[in-house]
Amino acid sequence: MTSDAPSPRAALAGIPAYVPGKPPVARPGVTTYKLSSNENPYPPLDGVMEAATKAASVMNRYPDMGCAALYAALADKLGVPADNLAAGTGSVAVLYHLLQAYCDPGDEVVYAWRSFEAYPIAVTVSGAVNVAVPLTTDARHDLDAMAAAVNDRTKAVIVCTPNNPTGPSVTHTEMAAFLERIPSRVLVVIDEAYQEFVRQDDRIDALAFCRARSNVVVMRTFAKAYGLAGLRVGYAVAPEPIAASIRACALPFGVSTVAQAAAVASLEREAELFERVDAIVAERVRMVAALKRQGWDPPDAQGNFVWFELSADRAGRDRTADFAAAADLAGLMVRPFAGEGCRVTVGEPAANDVLLEVAARFRTG
Ligand SMILES: *Cc1c(COP(=O)(O)O)cnc(C)c1O
């Protein structure tokens with residue numbers, strides 16, 4: 001490369017790599033399962049498949065850039081005006097658009113860590129400064145420390161609830177107290193990618209905060225509970241000026257006709273889809289109980305995944321790699337975070353059974 005080659009923005013040098021969940025390694029005689037990306041194990045519902053297929057027949061046309069049918073269906077479902085919605089190719093894209101709309105170089109974005117690995121990437125791409133606040137020892141957001149990290153340069157705070165990859169949710173009471181401490185000029189992004197899986201008292205009503213405040217943005221996705229990860233569609237619910245700013249930064253025609261149609265068809269079939277969510281939650285409860293009997297102490301799991309805390313052993317050996325290798329041998333692909341732990345998606349019951357066997361063997365070593 002010559003020295004006069006075009007140079008990208010300096011910020012790009014600091015972008016951490018997104019490590020995607022890998023597909024399982026094929027092993028003769030072993031059924032393999034992908035438990036590394038928090039995907040929904042159920043295949044598409046017939047009606048959703050039909051709507052998507054029909055939409056595919058007009059692939060020679062651009063999609064509806066205004067996402068009119070999707071916004072109408074969401075507005076109806078959520079009880080918010082369509083002006084308060086902004087869709088994108090997954091809620092990660094919506095976050096990129098939001099940060100692009102609001103962050104100048106040097107602005108700070110506060111989030112918990114370990115949390116969703118897309119955050120540091122999105123913040124860095126936007127030119128803003130990452131302020132990562134460690135989780136508490138029970139793998140929850142340290143909302144006090146996060147509030148204390150807000151200063152004059154802070155543009156946004158991201159709260160991931162339930163937290164990917166550790167699992168705990170923020171309660172409504174905790175969120176209310178937190179918001180009281182955040183100046184209204186600071187965006188508060190509540191990332192609710194897994195909200196459909198939450199089963200706890202004092203459950204957060206993020207949309208209520210969004211209605212009552214001028215700075216709260218709620219992000220949701222069709223990728224997890226609705227099982228449309230491959231179609232790339234998510235959205236924000238936000239006060240009208242913020243939603244308009246997000247839409248202004250969105251790529252034109254990003255959300256495909258197929259994705260829009262599948263999302264609308266999914267909203268029409270929530271009853272059926274949420275039965276599947278209930279089944280996944282029941283499996284999660286079963287797994288956590290079994291893991292506790294094995295002697296594990298998983299953090300409160302409120303998403304469609306379970307966190308295995310695995311710091312290095314006394315000899316400094318990385319146990320996350322050992323755990324992932326043991327799972328792999330048994331046909332399971334999990335998501336290791338070196339030196340910290342492994343995240344395992346709640347899959348079909350047969351996959352979860354194998355995981356429990358792997359976990360039991362790992363404990364008895
Ligand atoms: C999966 C996930 C999302 C959504 O991702 P998209 O597929 O882009 O909609 C957002 N936030 C978190 C924390 C996630 O785990």
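Modeller: A polar contact is a pair of N or O atoms within 3.5 Å. The model discussed here is predicted.

Biologist: Which polar side-chain atoms lie at 2.7 Å and 2.6 Å from atoms of the ligand?

Modeller: A polar side-chain atom of Asp 191 is 2.7 Å from a ligand nitrogen, and one of Tyr 194 is 2.6 Å from a ligand oxygen. The protein buries 93% of the 380 Å² that the ligand exposes when taken alone.

Biologist: Where does the ligand sit, and how many residues surround it?

Modeller: The ligand sits in the largest pocket. It is surrounded by 14 residues, with Ser 91, Asp 191, Tyr 194, Thr 221 and Lys 224 the closest. This shell comprises seven nonpolar, four polar and three charged residues.

Biologist: Why is the pair Asp 138 and Arg 140 called a salt bridge?

Modeller: Their side chains meet with N and O 3.7 Å apart. The limit is 4 Å, so the pair qualifies as a salt bridge. Glu 192 and Arg 220 also form a salt bridge, with their closest N and O atoms 2.8 Å apart. The structure holds 16 salt bridges.

Biologist: Why is Asp 138 called partly exposed?

Modeller: Its relative accessibility is 42%, which lies between 20% and 50%, so Asp 138 counts as partly exposed. Arg 140, at 25%, is therefore partly exposed as well.

Notes. Residues are numbered from 1 along each chain as its sequence is written. This is a predicted model: local features need pLDDT of at least 70, side-chain atom pairs count only at pLDDT 80 or more; totals for chains, interfaces and linings use all residues. Side-chain values use heavy atoms; hydrogens and water are left out. A residue is near a molecule or strand if one of its heavy atoms lies within 4 Å of it. A polar contact is a pair of N or O atoms within 3.5 Å; within protein, one must be able to donate a hydrogen and the other to accept it, and residues adjacent in sequence count only if both atoms are side-chain atoms. Accessible areas come from the Shrake-Rupley method with a 1.4 Å probe; for residues, only the protein chains shown count as cover. On a 1 Å grid over the protein atoms alone, a cavity is a set of points where a 1.4 Å probe fits but cannot get out, and a pocket is an open set with protein on both sides within 12 Å along at least five of seven lines; lining residues have an atom within 4 Å of a point. A molecule sits in a cavity or pocket if more than half of its atoms lie within 2 Å of its grid points. Ala, Val, Leu, Ile, Met, Phe, Trp, Tyr, Cys and Pro count as nonpolar, Asp, Glu, Lys and Arg as charged, and the others, Gly among them, as polar. Buried means under 20% relative accessible area, exposed over 50%, partly exposed in between (1.4 Å probe, protein chains only).
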